[in-house]
Amino acid sequence: MNGSLSRRGFLRQSFAFSALASLGSLPSFAKSHAGNAESFQWLMIGDWGYENATAQEQVAAGMRAYAQQHSLKTDALLMLGDNWYGELPGGVDSPRWKTHFEDLYPKSIFDCPAYAILGNHDYQRMPESKVEAELAYAKRGNTRWIMPARWYSFEFPAKNPLVTVIALDSNMPHANAAPAKSVNFTLTPEEQAAQLRWLKAELEKPRRTPYLIVMAHHPIYSNGPHGDHKVLIADWEPLLREHKAHLYLAGHDHDLQHLEFEGHPTSFVMSGGGGADLYTLKIDEAQRGPYAAKAYGFSHLQIAADKLTLLHMDQTGRMIHGFTKTPDGQVKILS
Ligand SMILES: [Fe+2]
Ligand SMILES: [Zn+2]
């Protein structure tokens, strides 16, 4: 790392766009793109299936209202892990699947696949494995829940794809922990190594899309209390850099962040405001940013051939931060 870009630097860089935004073009952003066949709308949340569902229900209501107000036809949801906190009674048959997934993010509004990855809370036996339950739920017919394996990849859309997504399992073995039998289990060291081999092989394949996105529950860098992740910095960060991943999407810290590093091709985005109790940030956005906020909310990724647009929205569906990124890696802050 060569240190972070300052927020001021970004604001200078994006002056032209900011001037445009102040004329009022931003509020109609989503609407103006609705129905545009050449762009795709994804919404994402992390850390959402909380035991006390009050905040989850508020954020979900904000997502539904946002989609409806902007006539947004969503093409995908990303469920960034910590999908289920606490007990999941009945596992794959748990009533929580209906009450706190299918009903809160209903097919009537979000008629699209929901690509899911596993968080640390999914790796708790309550008493049975929620990991097994989530993999099994994806195998049911007539569900939007996509989790073909603990790590997987896909291209989107199927025809003339614009983005390659690599979905990873960041539940790394603890340095000194007894393997696998405990309540809070993780990948085994062998699984960690197997996933890393698979990831390298995926990245070595000739990429057919202008964009590469990697997603996993744990941040590599975070201004939140979990901080920077030594294992992921060692295992994955050099690969993101080498293969010029455009976005690394994560949750785990219960806040909304966007971090950029001088000379790094990857934008680090955290969307962990889906419903679990918020955390207080440890590093201010002025120190490392451009954005970090203790806020509930969700994120909207728009994918078009000329640029990606990532918007952080609060629980009422109000935009609190946004940026665009071109295929060649130019980032502009929307403010
Ligand atoms: Fe969490
Ligand atoms: Zn977590």
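**The metal pair and its surroundings**

Tutor: The zinc ion (ligand 2) and the iron ion (ligand 1) lie 3.1 Å apart, and Asp82 coordinates both. This is a predicted model, in which local features need pLDDT of at least 70 and side-chain atom pairs count only at pLDDT 80 or more, while totals for chains, interfaces and linings use all residues. Residues are numbered from 1 along each chain as its sequence is written, chains are lettered from A and ligands numbered from 1 in the order in which they are written, and side-chain values use heavy atoms, with hydrogens and water left out.

Student: Which protein donors does the zinc ion (ligand 2) have?

Tutor: They are Asp82 (OD), Asn120 (OD1), His217 (NE2) and His252 (ND1), at 2.1 to 2.2 Å from the zinc ion (ligand 2); donors are N, O and S atoms within 2.8 Å of the metal (3.2 Å for Na, K and Ca), and water is not among the atoms, so sites may look incomplete.

Student: And what coordinates the iron ion (ligand 1)?

Tutor: Asp47 (OD), Asp82 (OD), Tyr85 (OH) and His254 (NE2) do so, at 2.1 to 2.3 Å. In sequence these donor residues are spaced D-x34-D-x2-Y-x168-H. Asp47, in the loop between strand S1 (39-45) and helix H4 (54-69), and His254, in the loop between strand S8 (247-250) and strand S9 (256-259), are 207 residues apart, and the pair links distant parts of the chain; helices (H or I, at least four residues) and strands (E, at least two) are DSSP runs, numbered from the N terminus.

Student: Is Asp82 buried or exposed?

Tutor: Asp82 is buried, with a relative accessible area of 1%, whereas Asn120, at 24% relative accessibility, counts as partly exposed. Buried means under 20% relative accessible area, exposed over 50%, and partly exposed in between (1.4 Å probe, protein chains only). Both Asp47 and His254 are buried as well.

Student: Changing topic, which residues of H7 are buried?

Tutor: Gln192, Gln195, Leu196, Leu199, Glu202 and Leu203 are the buried ones. Seen down the axis of H7, they fall within an arc of 125° (taken from the directions from the helix axis to the C-beta atoms), so they line one face of the helix.

Student: What is on the other side of H7?

Tutor: Glu190, Arg197 and Glu204 are exposed there.

Student: And which elements do the buried residues of H7 pack against?

Tutor: They pack against strands S5 (152-156), S6 (163-167) and S7 (211-215), and against helices H8 (230-235) and H9 (237-242), where contact means heavy atoms within 4.5 Å.
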